[in-house]
Amino acid sequence: MGRDVGRRTRAAAVLLVAIMILSGLSVVPAYGAAANYTPSYVESPTYILNDHTPFGVRFAAAAGSGLPEGTYYVKIRVANTNSRTTWDTSLHRGFTYDPVANHWEQERDDWFDCPTVSVSADGSIGNTWVYAKFGDETASGTRYIHVALSATGDGTTYNPTVVPQVTVLDTKTQGSWVHNGVDNDTLDGKRAAIRASDASTTNGDPSSGALSVLYALWEAQENVVDDDSNGIVNDENYGPTSTNLGDYRLSAPLSTLFDVYVHRVLRYDDFTTTVADADVALGATESVPPDAVDDLAVAVDGQSIDLTWTAATDDSGGSGVDGYRIYRWEVPTSVDPVPYTPVSQCIAMVDGAATSYSDTTFTNDVEYAYEVRVEDVATNISPRSNTVTVTAPAAPPVVLAPVYRFYNFTNNTHFFTSSAEEADMVIATWPNVFRYEGIAYGMNPANNTQPLYRFYNTVSKSHFYTASLDEANTIIATWPHIFTLDGQVYSVNPAPVPNSTPVYRFYNVTNGSHFYTSSAEEADMVIATWPNVYHFEGPAFWIGQ
């Protein structure tokens, strides 16, 4: 809902501007189909991972940038070239984070779903964070970061003259991650970065010399970003489980010497990761990831998907296996015109003694892929396991509970019950009063929520049924000497629900009883045959099936 509201609000603002222009109120300058602007700087990482790992981009523009005053949508394009006129949109795999809708927007999505930035009257833009990610694990290599702007949300764009180059790393073989492995809430909301180790600085102090090449850029929590694309902002916890304040997770090129800065202060000097696809805890008691699971297996058992694996090990001197993270994603059923790979979601964590997990949270008949990662006590995380795929079991057949109907010879009324025991008792006890007519209808207990109240009319010797609590209370208060409440006999619905059938009610004007049927044909027959006997009252309730 938030995404739709945000889109409508921004669309309404654009429409208002358009109306003002058309009415002759020239409050904004005219925009061409495309133009350039000059950022004063674009701070973006040299390396990004290809598996939906987010990264930060900071940019600004000085006076005279070429931008008219106003509000602009911002889209990060990870293109195959630094030239807007020659890029190939079929290679676009980038996403930009929209903080209003809390959603990652693919490059070809609407501008209205992207974040915004304000341009001053002199054409300047203050320091602005935008968050992006690359989402195709089948692609890697050289790309270029374009911070594109649009004032109207259509094809009218401003393209940057500063276009940094970036290398997309294959996560499985060329990259890894580092995260904050200690509790430190003082880092919350700070700029986190990885830079190449550089001798031109003294002990990593930025003030002593020029900073070296920026490898990765992000912000520590609370960054108001859905880092792991699970729909929840700032629930990511990369280090100790006591808090996620001050947590950060940065992508790093494999076997490359680098420094880690938070708030431009050196925290880890001359560090390197040597295990691909692993997540290393910085500052923890040890920083060696455990071994990966390599024999993950999957089977379907009834209405569960069961994963099994052999217990993992941690290297000598390691902190020991603490648990396993279970990841899942839907296997795509079709190839998108501009493809990108699905986001793997961590759906569960089990303790270090477990070697199995049963998933019951799936959607029936959907094909899923699963992987497992091992976490040690120091919060280092192993590379992913082998991938297994399976189609979730079909939904179990719905067994409808029968409702039995009897005809009363003595007063020409009907009796209903969902109790097989009560039905058998009626058949055995009053064979000369009630004739069994079979099953009136079937109901799905899971799809019926409102109690059906049954009353016995001591005058007409008939039964009355209602799903309305108000009507039931009125009967109890108004005619206590005529109606006796039998109780709540089964559940129905007072209004239509998906896959439900109405039960029609008629009033018999000759004896004051009521007749019920779920058959539209029978209802039509009663209306046509006995219009002077039965008054049609409409649906009394609905049966969920």
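Close-up 1. Buried means under 20% relative accessible area, exposed means over 50%, and partly exposed lies in between. The model shown here is predicted. Cys346 has a relative accessible area of 36%, so Cys346 is partly exposed. Cys114 has a relative accessible area of 1%, so Cys114 is buried. The disulfide count comes to 0.

**Close-up 2. Strand 20 and strand 21 form a hairpin.** Strand 20 covers residues 297-301. Strand 21 covers residues 304-308. The two strands pair in the antiparallel sense. Their pairing runs over 5 bridges. Look for Ala297, whose bridge partner in strand 21 is Thr308.

Close-up 3. Asp306 stands opposite Ser358, a residue of strand 24. How much of strand 21 is buried? Of its 5 residues, 4 are buried, so strand 21 is largely enclosed by the rest of the structure. In a regular strand, side chains alternate between the two faces of the sheet.

**Close-up 4. Pro402 and the residues it touches.** Pro402 belongs to strand 27, which runs over residues 401-408. With a relative accessible area of 23%, Pro402 is partly exposed, because that value lies between the 20% and 50% limits. Which residues does Pro402 touch, leaving aside those up to four places away in sequence? They are Thr417, Ser418, Ile439, Tyr441 and Gly442. Take Ser418 as one of them. Ser418 sits 16 residues from Pro402 along the chain. The C-alpha atoms of Pro402 and Ser418 are separated by 6.1 Å.

Close-up 5. Where does Ile427 lie? Ile427 is part of helix 3, residues 420-429. Is Ile427 buried or partly exposed? Ile427 counts as partly exposed, because its relative accessibility is 40%.

Key
Residues are numbered from 1 along each chain as its sequence is written. This is a predicted model: local features need pLDDT of at least 70, side-chain atom pairs count only at pLDDT 80 or more; totals for chains, interfaces and linings use all residues. Side-chain values use heavy atoms; hydrogens and water are left out. Buried means under 20% relative accessible area, exposed over 50%, partly exposed in between (1.4 Å probe, protein chains only). Contact means heavy atoms within 4.5 Å. A disulfide is a pair of cysteine sulfur atoms within 2.5 Å. Two strands pair if DSSP finds at least two bridges between them.
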